[in-house]
Amino acid sequence: PPPPSPNPPLHQNLAINAARAIGCQVVNVGAGDLIEGRPILILGLIWQIIKLQLTSNISLKDCPELVLLLEEGEELEDLLKLSPEDILLRWFNYHLKNSGSARRVRNFGSDLVDSECYSILLNQITKCGLVGAGDDAAKAAKVIENANAMGVESFIQPKDIVKGNKKLNLGFCAQIFNTNSGLVISEEELADFDFAGLDLDDAGDTREERIFRMWINSLNIEGLYINDLFGDLTDGVAILKIMDKVEPGIVSWRKVNMSPKNKFKRVENCNYAVTLAKQMKFSMVNIGGLDICDKNKKLILGIIWQLMRRHTINILTNLTPGDKLVTDNEIIQWANDKVKGAGKPSSIRNFNDSSISSGQFLLDLCGAVESRAVDPNIVTNGATPEAKLNNARYAISVARKIGACVFLTPEDIVEVKSKMVLMFVASLWNASLSMA
């Protein structure tokens, strides 16, 4: 192969792969696009990052007062299925309804151009008074002034509201919510809701769920964005779309109920997903469609892990000689040979090897793939928990710089989560082959 470029786009790769890892859908954006400064692609990526930051706390875990937005007949789990944008619209309309207004907001564009709904919202939250009559630009300016007075550091301009700029209006609404949601509920009233059943504070499940959710969203499947891994898969349609992305053509869509109206149809879809998983030779012992429909977390995580693994292995297989799926042992052999070839003494026996926890082998492997990506002055000896964590953080950063799309957390490395370590090493192999 030709020698590597003297100026590899390390920082651009890091930015793109880090964006994928936090849930951005990066479509047709490469390091070259960032280097060349292509405005449309860059602005689209920046907006996604801003939106994720602004809406990151719009959840039941961070704001349990959202239970006030439940509609008749809904359960807490129904709120988990909603996207932050949908929750913001509900929140907006909750305040409009409580004000006695007949107005309702259906979107972040045309419904806000006259600023009347904004005026009512802010008055409900802070009793700042309504903006009154005037042209739309003047009313919009007054709304922004009232928002600033309550502590909202907004970046929206009056013209953006008048023109119905959906992105900036969404951002403005999120800023208002984050500053003061205006949702008030007593602890006694909150006690009536079963938050314990939602496992909102289960760190293990939350970490794995988040990783798999980010991976799915990185696939850029048309019409699919996962907000709640367990809730969004219950109808079977989403998991079938993921399967078809991993193994193109495996799903016969005429067999799928695309808009299942009842549980029977949802279970039928989920049963079909289980059938296809078995066809893909996945481990599916004692798993049925009902488990997916009923949100059995352990079983769903197991299925998605196998899909994530197969997706990465498929890519790797397509880049290496032969037509047989690459095995775990072959991945380990590649990693050890790569590190040895770079003159490093470290090696691993398997993906459960306790030595992985120090992070040094993974950094040696990163350095073997691209020596200029690793600064030896940053690498620690890995002798303490803090040193291990620092190495793990650095290994993830370096892998993304090289071009590997990795989704694990530093804790996964320190705790030697074999599944995630496997994906890390396999992704590095993919990246090295793409660089060749």
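Me: In this predicted model, what is the handedness of the crossing where H17 passes H21?
Reply: H17 covers residues 328-341, and H21 covers residues 418-435. Their axes come within 10 Å and cross at roughly 65°. The crossing of H17 past H21 is left-handed.

Me: Which residues of H21 does H17 meet, and how do the residues of that contact divide by class?
Reply: H17 brings Asp328, Glu330, Ile331, Trp334 and Ala335. On the H21 side stand Leu422, Val425, Ala426, Leu428, Trp429 and Ser432. By class, the contact of H17 with H21 divides into 8 nonpolar, 1 polar and 2 charged.

Me: Are H17 and H18 roughly parallel or roughly perpendicular?
Reply: The axes of H17 and H18 come within 8 Å. They cross at roughly 70°. Angles of 65 to 115 degrees count as roughly perpendicular. So H17 is, relative to H18, roughly perpendicular.

Me: Which residues of H18 make the contact with H17?
Reply: H17 contributes Trp334, Ala335, Asn336, Lys338 and Val339. The residues of this contact divide into 7 nonpolar, 1 polar and 2 charged. From H18 come Phe361, Asp364, Leu365, Ala368 and Val369.

Me: How many of the 10 residues of H18 are buried?
Reply: H18 spans residues 360-369 and is largely enclosed by the rest of the structure. Its buried residues include Phe361, Leu362 and Leu363. Asp364 and Gly367 are also among them. The buried count for H18 is 9 of the 10.

Me: What covers the buried residues of H18?
Reply: H17 is part of the cover. Trp334 and Ala335 are among the H17 residues in contact with H18. The cover of the buried residues includes H17, H19 (385-402), H20 (410-414) and H21.

Me: How are H6 and H9 oriented to each other?
Reply: H6 holds residues 116-126, and H9 holds residues 166-179. Their axes come within 12 Å and cross at roughly 10°. Angles under 35 degrees count as roughly parallel. H6 and H9 are therefore roughly parallel.

Me: How many charged residues does the contact of H6 with H9 have?
Reply: H6 supplies Tyr118, Leu121, Leu122 and Ile125. H9 supplies Asn169, Phe172, Cys173 and Ile176. The contact has 7 nonpolar residues and 1 polar, and the number of charged residues is none.

Me: Is Lys127 buried or exposed?
Reply: Lys127 is found in the loop between H6 and H7 (136-149). Its phi is near 55°, a positive value in a residue other than glycine. Its relative accessibility is 62%. Over 50% counts as exposed, so Lys127 is exposed.

Me: What is the phi of Lys295?
Reply: Lys295 lies in the loop between H15 (289-293) and H16 (297-319). Most residues other than glycine have a negative phi. Lys295 is not a glycine, yet its phi is positive, at about 60°.

Me: Which residues does UniProt list for "domain: Calponin-homology (CH)"?
Reply: The entry is unreviewed. In the model, residues 82-181 are 60% helix and 0% strand. Residues 206-312 are 61% helix and 0% strand. UniProt lists residues 82-181, 206-312 and 325-433.

Methods. Residues numbered from 1 in each chain as written. Predicted model: local features only at pLDDT ≥ 70, side-chain atom pairs only at ≥ 80, totals over all residues. Heavy atoms only, no water. Axes fitted to C-alpha atoms, helices over the stretch in contact; angles between N-to-C directions. Helix = DSSP H or I, 4+ residues; strand = E, 2+ residues; numbered from the N terminus. Left-handed = near helix turned anticlockwise from the far one by under 90°. Contact = heavy atoms within 4.5 Å. Nonpolar A, V, L, I, M, F, W, Y, C, P; charged D, E, K, R; others polar. Parallel < 35°, antiparallel > 145°, perpendicular 65-115°, else oblique. Buried < 20%, exposed > 50% of the residue type's maximum accessible area, 1.4 Å probe, protein only. UniProt positions renumbered as here; feature names shortened; annotations may be inferred.
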